[in-house]
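Visitor: I am new here. Please show me what we will be talking about, and then let me ask how you know things.

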Amino acid sequence: MKSILEIRAATKSFGGVKALNGVNLTLYQGEIHALLGENGAGKSTLLKSLAGVHSLDSGSITLFGKPFVQGSTRASQDQGVAVIYQEPSLFPDLSLAENVFVGRQPQSGGVVDWSRMNSEAEDLFASLGVTFQVSRTARGLSIADQQIVEIAKALSLKAQVIVMDEPTAALSSKEVDRLFNVARTLKSQGCAVVFVSHRLEEVFALCQRTTVMRDGATVGTAPISDLSQAEIIRMMVGREVSELFPKLPAEIGDVVLEVKNLSSSGQFEGVSFDVRKGEIFGIAGLVGSGRSEVVRAIFGIDRYDRGEVLLGGSRVPHSSPSKAMKLGLALVPEDRRLQGLLMPSPISSNTALTVLENLVRRFVIRKKDESALAKTWAEKLQLKYADIESSVERLSGGNQQKVVLAKWLATQPKVLIVDEPTRGIDVGTKSEVHRLLSQMAQDGLSVVIVSSELPEVLGMSDRILVMREGRQVALLDRHQADPEVVIGYATGALVGK
Amino acid sequence: MRELPVFLGVVIVYVGTGLLNPIFFTPAVLNDILFGVAIVAMLAVAQTFVIVMRHIDLSVGSVVGFTSFLIGDLSSKGFSLIAVLAVALGVGALVGATNGFLVAYLGLPSLVVTLATLYIVRGIFNEVGKGQTIVESMVPRELNWLGLNHLYIFSYLFVIVIVLMVAAGLVMRRARAARDLYAIGSNPQAAKLVGIPVARRIFLAFVATGALSGLAGAVMLARFNSASTQSGLGLELLVIAACVVGGVSIAGGTGSVYGAVLGAVLLQEILLAIGALGIPQFWQLAVNGTLIICAIGLDRYLSTRTKASTIMGYSK
């Protein structure tokens, strides 16, 4: 096999912090190469160096035997390296065709040739095996589709190296399948595809070789078939993670939360379940199955048409998160950056946000109490932080998620709903979050966990509700729920009653 | 088609008013609308360049007033028409370049920068034009003629604006550099990442807006046959109103010069309709305001109507 890209002994520091410290990576023509590592291992910095956002301090990158020109996104593009980010940033007001060709629209006679641009875009999408109406604007496109547009753009640039940074994090399994097919098409066309993911099953399904990074350096490169999942995890964390999802046995008590026949037109229909004290209740389903919509409605963020929600026997009113909170409900939202945290604000104010009323004396928030409260929770959740008054932006994803958890636990809820609790969190912190949830259940909290990561739901939950297209299709006990059964129900391969 | 609602508005107001008061259907009234709208329409065309980039240029009212004065003043001192037009263009371009430099290269917000240049240019204008008024005898003969004559029933001033609009429309649709403006307005971060020279584009767009606004001083002088330090006062808001009503989104990324001109026509038409229907003039301003809110409401509705969905493969 011919090597396309070689990175040797790459280093990069940011103000004294070594983000890259001896990275070696070789990419071959026609391979899908997994780049693995915990958050903070240096993957992003490496990708950004390839994208032209950063330049290396030392070390070399060669592309097709020639030195790779660094430090300009335009130069990276021109040399045939394309990076597809987890959440692509398209131009929402421009057509799909123009999004593909932006800045390089096909011209004839010195002016943009729209019909040629549209037909070339159609051809690109067709070569990826998808059919898009290229004249529609990119506004409202799903993340999966946006990624496809980015890939088409990469192809139009004749990219030979296509880097996908956690492309599947926000995709449903159908969309993941489609993306995999696209990646395999790229591979068969001779591109080198770099695939970054926290989901090891995907890596085994798709990739031929893997390079594992830890603390800014490469730990090793090997064919994927030579490694087991456990070996990869060991390489990533440098220690044994005996159990990824430690579920502690908890005493299950009386019913705390009752959801009766909840319906919201166009969103979900006839959802009923109850959650008991000390129970972890999982909701599984594909993205778009209505999982998040149901919990949003329960918490009162979105309205619903029919049905009712009871907490400890009393009715949770419609559309009022603040009343739901007072009754003892808490919701850790899906997107912590957007919905969960005030990013520029300090850890202390973020933690205290839900209980500000208790900290007010004579119309003024007492800063001392705020910090004390935040510190107590930080200790309980083993938050890694330098200063309780520094902004949450500086924390890693996993620690940010702990702050969101702290903020809601501070309300002393009876039922804690967590939506995608570990999205984009590294393996180590992930199992810590799981242990926390498990411990709290043991202490008598009821937890509702919504996740698109099946191992997470399966590993954590006492019972699992499976949703498909807005309806509940199965309610499984822990021992009944194996991956095949849940996926079967979620995709409609198995039909529930 | 984002221009469709405003086009329908233009037709409905015209036909509706005409049915209530047939005078509205006479060529004289039509001409009044088109003659009267020329200045705002031309400035709206110019303004579109910056608004699609998610920027704004408030200095155009001062610029157009100042250049209309300069054209009259200099030509009365014996300068040729070409020379005075070049000065108008140059003054506009200079103000545009100042705006563009501060916004593109120093990263200052255009709202504040152009508010500042609005005052600065008006201040210079007050000093230069202290106590002077441009009267008909000082207006270049050619401009005077353009203001008085018609091509069939269309005022030459309106014809000039239409020619400019079509030219600008072609550029906005067909030139890569102009397409970059839409990309910048739609997603400034991404524009940088795909290698668009964002700062240079912003700079040049401000220069273009300024230059065209400076040139609009000629249209203004041709229309009013006079100019004073009060000329063009407050016009910038009417121009922005025309753009917004015409579907040039203040959030950037969409809209066309055709829409901007239609927006200007609609505002002018309503002004005359209110007169023709005997409605107190107070309502004209209130109606303008209502129209702006409707336009923004429609804009928001259109952009949120398309909900996130997967086109192909798995979808709900």
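**How do you know?**

Guide: Start with chain B. Take its contacts between residues at least 6 apart in sequence: 80% join residues at least 24 apart. Two residues are in contact if their C-beta atoms, placed from the backbone, lie within 7 Å. This is a predicted model, in which local features need pLDDT of at least 70, side-chain atom pairs count only at pLDDT 80 or more, and totals for chains, interfaces and linings use all residues. Residues are numbered from 1 along each chain as its sequence is written, while chains are lettered from A and ligands numbered from 1 in the order in which they are written.

Visitor: How do you know that the radius of gyration of chain B agrees with a compact globule?

Guide: The radius is taken over C-alpha atoms, and the globule rule is 2.2 Å times the number of residues to the power 0.38. With 316 residues, the rule gives a value near 20 Å; chain B has 20 Å, so the two agree. Its C-alpha atoms fill a box of roughly 75 × 50 × 35 Å along the principal axes.

Visitor: What makes up the secondary structure of chain B?

Guide: It comes to 13 helices and 2 strands. Helices (H or I, at least four residues) and strands (E, at least two) are DSSP runs, numbered from the N terminus.

Visitor: Why is A:Ile148 called buried?

Guide: A residue is buried if 20 or more other C-beta atoms lie within 10 Å of its own, exposed if 12 or fewer, and partly exposed in between. A:Ile148 has 29 within 10 Å, so it is buried. It sits in helix H5 (residues 143-156) of chain A. It touches A:Leu128, A:Val130 and A:Val182, leaving out residues up to four places away in sequence.

Visitor: What puts the buried residues of H18(A) on the same side?

Guide: In helix H18 (residues 483-491) of chain A, the buried residues include A:Val486, A:Tyr489 and A:Ala490. They cover an arc of only 100 degrees around the axis, so they lie on the same side of H18(A). The arc is that of the directions from the helix axis to the C-beta atoms. Their cover includes strand E15 (280-285) and helix H17 (454-460) of chain A.

Visitor: Which residues touch the most other members of the largest nonpolar core?

Guide: Of its 259 residues, they are A:Ile162, B:Val45 and B:Val261. Helix H10 (residues 198-224) of chain B gives the largest share, 17 residues. Such a core is a set of buried Ala, Val, Leu, Ile, Met, Phe, Trp, Tyr and Cys residues joined through C-beta atoms within 7 Å.
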